[in-house]
Amino acid sequence: RKEVEQDPGPFNVPEGATVAFNCTYSNSASQSFFWYRQDCRKEPKLLMSVYSSGNEDGRFTAQLNRASQYISLLIRDSKLSDSATYLCVVNPPGGYNKLIFGAGTRLAVHP
Amino acid sequence: DGGITQSPKYLFRKEGQNVTLSCEQNLNHDAMYWYRQDPGQGLRLIYYSQIVNDFQKGDIAEGYSVSREKKESFPLTVTSAQKNPTAFYLCASTTWSSYNEQFFGPGTRLTVL
């Protein structure tokens with residue numbers, strides 16, 4: 001089983017749609033969680049951290065379910081500019097801040 | 001402007017040659033990391049360094065070497081022993097904490113001819 005698993009997609013959605021991505025992780029003792037966004041042939045950039053209580057940033061909502069070991073990202077009112085690959089990232093125990101990256105979920109928003 | 005720089009952006013190498021990728025940061029971050037990304041795959045950790053003059057192997061260190069002589073710099077050498085070096089190489093840095101996200105440079109795309 002991979003340490004971090006994501007549906008690779010692509011998710012093809014029209015502008016204005018709501019889309020949700022899920023991600024599962026294998027190490028129950030993982031300490032922190034993030035969603036990164038990666039545009040084609042660019043570096044990953046932090047979209048948001050994921051807190052146990054859930055957090056929201058504008059159109060984006062992230063949630064963590066420790067019992068089921070999954071993380072979700074909800075995007076409301078999708079824009080064309082949201083088209084990218086979304087990486088689920090987990091910080092497992094053991095120190096050194098060695099992040100584990102999922103392979104990413106590709107989102108394509110069309111007019 | 002604080003940030004991470006990588007050079008060159010594109011690099012072409014002949015088989016059998018060693019090549020060094022540059023990574024510099026002025027964020028005063030303690031920890032630095034090198035990753036490799038192949039199409040359709042997640043980032044894989046090559047080497048990381050928590051402090052100057054110290055570094056550890058990641059998951060795919062074979063065929064690579066690094067140095068950390070200065071806090072700001074963490075160059076990666078891709079040696080001829082690396083069997084399949086064509087990939088997108090990303091450098092990242094972070095402060096010394098278990099909970100902080102990593103910040104990435106723009107990457108170097110290496111192609112072996």
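These legends accompany close-up views of a predicted model.

**View 1. Strand β4 of chain A is mostly covered.** The strand spans residues 32-38 of chain A. Seven of its seven residues are buried. Both faces of β4(A) are covered. On one side lie S32(A), F34(A), Y36(A) and Q38(A). On the other lie F33(A), W35(A) and R37(A).

**View 2. Strands β4 and β9 of chain A run antiparallel.** Strand β9(A) covers residues 84-91. Seven bridges join β4(A) to β9(A). One residue to look for is Q38(A), which stands opposite T85(A) of β9(A). Q38(A) is also one of the buried residues of β4(A).

**View 3. Strands β4 and β5 of chain A form a hairpin.** Strand β5(A) takes in residues 44-50. It is joined to β4(A) by six bridges, and the two strands run antiparallel. Y36(A) has L46(A) as its bridge partner in β5(A). Y36(A) itself is buried, on the side of β4(A) that also holds F34(A). Five residues lie between the strands of the hairpin. There, R41(A) adopts a positive phi near 65°.

**View 4. Five strands of chain A build an open sheet.** Their order is β1-β3-β8-β7-β6, with antiparallel pairing. Strands β1 (4-6) and β6 (55-57) of chain A stand at the edges. Each has a single partner strand, so one side of each is left without a neighbour in the sheet. From one strand to the next, the twist averages 20°.

**View 5. Strands β7 and β8 of chain A pair within the open sheet.** Strand β7(A) comprises residues 60-65, and strand β8(A) comprises residues 70-75. Six bridges connect them in the antiparallel sense. F60(A) is bridged to I75(A) in β8(A).

**View 6. Y10 of chain B is in contact with residues of chains A and B.** Y10(B) belongs to strand β2 of chain B, residues 10-13. Its relative accessible area is 46%, so Y10(B) counts as partly exposed; the band for that term lies between 20% and 50%. With neighbours within four places in sequence left aside, the contacts of Y10(B) are R41(A) and R109(B). R41(A) is the residue with positive phi in the hairpin of β4(A) and β5(A). T111(B) is 101 residues from Y10(B) in sequence. In space, the C-alpha atoms of Y10(B) and T111(B) are 7.9 Å apart.

Technical notes. Residues numbered from 1 in each chain as written. Chains lettered and ligands numbered in written order. Predicted model: local features only at pLDDT ≥ 70, side-chain atom pairs only at ≥ 80, totals over all residues. Heavy atoms only, no water. Buried < 20%, exposed > 50% of the residue type's maximum accessible area, 1.4 Å probe, protein only. Helix = DSSP H or I, 4+ residues; strand = E, 2+ residues; numbered from the N terminus. Pairing = 2+ DSSP bridges. Axes fitted to C-alpha atoms, helices over the stretch in contact; angles between N-to-C directions. Contact = heavy atoms within 4.5 Å.
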